[in-house]
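Hi,

Here is the model I promised to pass on.

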Amino acid sequence: MKKTFLITLVALFTLVLAACGNDSANTPAGADGSAVPPENNQKGVVTIGYQKGNTLNILKEHGNLDKALSEKGYKVEWKVFPTGTVLLEALNTNNIDFGHASDGNAVFMQAGGHPLNYVASEAPYPEGVALVVKADSGIQSVNDFKGKTIGVTKGGNQHYLLLVALEKAGIDLNDVNIKLYKDAAEGLAAFTKGEFDVYGTWDPYLAIVENTVETRTIVNGSGNSENRTFYFATKELLDNKSEVVTTILQELQNADTWANENKQEISKILSAELGLDVAPLQKANDRRTFGVEQIGDAIITSQQKLADKFVEAGLLETKINVKDAVQIDKSIIPSNIKQED
């Protein structure tokens, strides 16, 4: 048990350090693994930011986008970021053209007065976020959270899940002790040492916890949080190179379709990228569906609810209107993605 836990912590710490790197100098590869011919890149470079373990990471490794954009005269450069917040800051300063970040990252960025341009959404992933306890805990439901210490990351998907769960149970924020942790390695260590009675976490780290410590899930996102990741682009890319955005979304959906049919292969790819065991990644992938969705009224309403909840909890000082950042020209949505009416 101790040996497994130490190995897991080392892997998570290595992941945090690795995520700070930048692999944009790598030569992009086509779908067949061959280098993209430089003579086809006369229209310039499209820089895409991604976080390890997410769908853009899968797209990068699959190689189909590099090939598709090369055929249109563009070269793709990939930049890896440790968090969605840092990625959105790079997007805001035009250091990248396209990228993804979580629902929470997006509302914090917009509340800070920074321009934000939603393009599309990943499919919801409610089972990928949960509040768990150790198997021998006396906590049986959210009603037992009163007086307990609950670990979450500030403004994270598990923080939002906690706020929703407490509201549904009629428990005031002052009746629980919310303890913030910095990253997955710190959270797992604190939970294992007993610093949290309840631990809020997300996949793939949720699956790692389930494989490392005997736990029980008290509540997950089902019926509480859609747990979405969104895609964003610069205004310049949307206004001047909309065909690039269309191609990215089309190839994202193609890669996601492939991922749904090859989850074992995806787990192996992400295992190599993240430096983690295949087993928890397979568990995480088995409970999600990959896919790109156009942002319609229902998704905007869900995202607005999250933003309002963070304002209510004092995490955001400024109330925002999510719809202000969702000005999508439907013509950029490719035919392989379902169109909203």
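The axes of helix α10 (residues 242-261) and helix α11 (residues 263-274) cross at roughly 105° and come within 5 Å. With 65 to 115 degrees counted as roughly perpendicular, α10 and α11 are therefore roughly perpendicular to each other. Axes here are lines fitted to C-alpha atoms over the stretch in contact, with angles from 0 to 180 degrees between N-to-C directions; helices are DSSP runs (H or I, at least four residues) numbered from the N terminus. In contact (heavy atoms within 4.5 Å) are W258, A259, N260 and E261 of α10 with K263, E265, I266 and I269 of α11.

A word on the source: this is a predicted model, where local features need pLDDT of at least 70 and side-chain atom pairs pLDDT 80 or more, while totals for linings use all residues. Residues are numbered from 1 along each chain, and side-chain values use heavy atoms, without hydrogens and water.

Now the pockets (open sets of points on a 1 Å grid where a 1.4 Å probe fits, with protein on both sides within 12 Å along at least five of seven lines; lining residues have an atom within 4 Å of a point). The largest pocket has a volume of about 1,200 Å³, taken as the space filled by probe spheres set on the points. Q51, P82, T83, G84 and W202 are the closest to its centre among 49 lining residues. α5 gives the largest share of that lining, five residues.

The second largest pocket holds about 210 Å³, and α9 gives the most to its lining, with three residues.

Best wishes

Definitions and conventions. Helix = DSSP H or I, 4+ residues; strand = E, 2+ residues; numbered from the N terminus. Parallel < 35°, antiparallel > 145°, perpendicular 65-115°, else oblique.
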